[in-house]
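Q: Could we go through the side chains of this model together?

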Amino acid sequence: MVSSLKYSIPVSKKFVVEALALDLDVPILRGTQVVVYIGASRSPARITKINFIFNPNDGTIIKKNPKSIRSNDCAEIEIETEKRVCVELFSNFKIFGRVIVREKNDTLCVGTVKQIK
């Protein structure tokens, strides 16, 4: 991808996402192998950590370091991709700050990038 030298898009393998789990058949666990879509890119990845589950209305933390994410939970997760991808904070650039997490043919969750590591 070509970008401006003055306003270049960061490239990273690790980032933190605020995610909303969709209607899941099986809970999402730490270490789950997924495919991450950011902008027009697609990359194999895995969920390395589930930081906490929170209430989306007021932002209060419901549970820290949960073992799993269930349907309709809002959670902060850490994702590590196999290759480096163009990723930006959602607050800076919305297109490269949106994330879709899929497994096989199912969309597990959607979210926004909150931190780049």
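**Aromatic pairs and surface**

A: At 34% relative accessibility, Phe93 counts as partly exposed, since buried means under 20% relative accessible area, exposed over 50% and partly exposed in between (1.4 Å probe, protein chains only). This is a predicted model, where local features need pLDDT of at least 70, side-chain atom pairs count only at pLDDT 80 or more, and totals for chains, interfaces and linings use all residues. Residues are numbered from 1 along each chain as its sequence is written, and side-chain values use heavy atoms, with hydrogens and water left out.

Q: Is Phe96 buried or exposed?
A: Phe96 is buried, at 10% relative accessibility.

Q: How many aromatic pairs are there?
A: The count is 2 aromatic pairs, taking rings of Phe, Tyr and Trp (its six-membered ring) with centres within 6.5 Å; planes under 30 degrees apart are stacked, over 60 edge-to-face and the rest tilted. Phe52 and Phe54 are edge-to-face, because their ring centres are 6.0 Å apart and their planes lie at 70°. Phe93 and Phe96 form a tilted pair, with 5.4 Å centre to centre and 55° between the planes.

Q: And Phe54, buried or exposed?
A: Phe54 is buried, as its relative accessible area is 11%.

Q: Changing topic, which residue lies over the face of Phe90?
A: Lys94 does, at 4.8 Å from the ring centre; the rule asks for NZ of Lys or CZ of Arg within 6 Å of the ring centre and within 35 degrees of the ring normal.

Q: What about Leu20, where does that residue lie?
A: Leu20 lies in strand 1, residues 11-21 (strands are DSSP runs of E, at least two residues, numbered from the N terminus). Leu20 is partly exposed, at 36% relative accessibility.

Conventions. Helices (H or I, at least four residues) and strands (E, at least two) are DSSP runs, numbered from the N terminus.
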